[in-house]
Amino acid sequence: MMAVALGLPALGCGDDDDGPVDSGGGDPIDSGRRDGALDATVVTDAAATVDAAAPDASVAPGIVINELYMTTLGGDGRRYVELRAAAGTPLTGLQLRLLRSNGTVAHTIDVAPGGTLTPGDGLWVVGGALVSNVDQFYSNASWGLDSSQGAVQLIRNGVAGPILVDLVGYGPAVTPAPPTPPTATVEGATAVPVPSADTDSIGRRAGAADSNVNSADLCRMTASPGAVNTACL
Ligand SMILES: [Ca+2]
Ligand SMILES: [Ca+2]
């Protein structure tokens, strides 16, 4: 990982996409650091590829969206998506599709350069310039999660088109569906409520299998980019 540990900025001027990178220091939201070992309580997501319309054996096994940070502090520079898989899982060909509240696709970005494997702690952070422990950086021009409603699809481009590997919807469910597949915007009937505090994220509950029900599998927690998720608040 790139252990970029920058301080938290003062309240950002942007609330979602494509705003200027914030400057300034402050109290970090990420007090935790990677401990170098995958949380023993984490359960591998053997069901993640069930989401796929056309299962593909080449899809990275057991990789899930582990945490999202979309609150307004720091604008896009502070936002991130943390993935989790067993150490050494190939990330080649995986992409994130960031969906806006109206179902349009804001950005489709590569998770990592070709040939990249997940590091020893199994955590991989895609994020903006101000994110601690970011592994794959994107500038605001190609990055950003809407602050109050949206969805993140983890996909892999297969021969027959993109395959949905995992999906998290937050805020009210995104409607209508995106114009191109995969069209799902939430797992289960209800998206995950967005955090009310700028120090908080939406994270996958430690020790819980991925049941493909977002409202059951994820909860609000203290943000922890590149570190094991904390307890639900
Ligand atoms: Ca899932
Ligand atoms: Ca985390």
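User: Hi! What does the chain average in pLDDT?

Analyst: Hi! The chain averages a pLDDT of 80, and 73% of the residues score at least 70. pLDDT is the predictor's confidence in each residue, from 0 to 100. This is a predicted model, in which local features need pLDDT of at least 70, side-chain atom pairs count only at pLDDT 80 or more, and totals for chains, interfaces and linings use all residues. Residues are numbered from 1 along each chain as its sequence is written, while chains are lettered from A and ligands numbered from 1 in the order in which they are written.

User: Where does pLDDT stay under 50?

Analyst: Over residues 1–33, pLDDT stays under 50, and the model has 83 contacts beyond four places in sequence for them. Residues 35–59 also stay under 50, with 58 such contacts. Two residues are in contact if their C-beta atoms, placed from the backbone, lie within 7 Å.

User: And how should low pLDDT be read?

Analyst: Where pLDDT is low, the predicted coordinates should not be read in detail.

User: Which way do β5 and β6 run, parallel or antiparallel?

Analyst: Parallel: 2 bridges join β5 (residues 123–127) to β6. One of the positions to look at is V126, whose bridge partner in β6 is Q136. With strand β2 (residues 80–84), β5 pairs in the antiparallel sense over 5 bridges. There, Y80 stands opposite G127 in β5.

User: Is β5 buried or exposed?

Analyst: Buried: 5 of the 5 residues of β5 are buried, so the strand is largely enclosed by the rest of the structure. Buried here stands for 20 or more other C-beta atoms within 10 Å of the residue's own, exposed for 12 or fewer, and partly exposed for in between, with C-beta atoms placed from the backbone. L123, V125 and G127 point one way from β5, while W124 and V126 point the other way, and all are buried.

User: Why do they alternate?

Analyst: In a regular strand the side chains alternate between the two faces of the sheet.

User: I'm curious about E67. Where is E67 found, and is E67 buried or exposed?

Analyst: E67 is found in strand β1 (residues 64–69). This residue counts as buried because it has 26 C-beta neighbours inside 10 Å. Beyond its neighbours within four places in sequence, E67 is in contact with E82, S201, I202, G203, R204, S224 and N229. From C-alpha to C-alpha, E67 and R220 are 9.6 Å apart in space, although 153 residues apart in sequence.

User: Now the other sheet: what order do its 4 strands have?

Analyst: The order of that open sheet is β4-β3-β7-β8, with antiparallel pairing. Its edges are β4 and β8, each with a single partner strand, so one side of each is left without a neighbour in the sheet. From one strand to the next, the twist averages 20°; for such angles, axes are lines fitted to C-alpha atoms (for helices over the stretch in contact), and angles run from 0 to 180 degrees between N-to-C directions.

User: Which strands form hairpins?

Analyst: β3 and β4 form a hairpin with 5 residues between them, and G103 in the turn has a positive phi of about 90°. Strand β3 (residues 94–99) pairs with β4 (residues 105–110) over 5 bridges, where L96 stands opposite I109 and Q95 has D110 as bridge partner. β7 and β8 form a hairpin with 2 residues between them. These strands, β7 (residues 150–158) and β8, run antiparallel and are joined by 9 bridges.

How values were computed:
Pairing = 2+ DSSP bridges.
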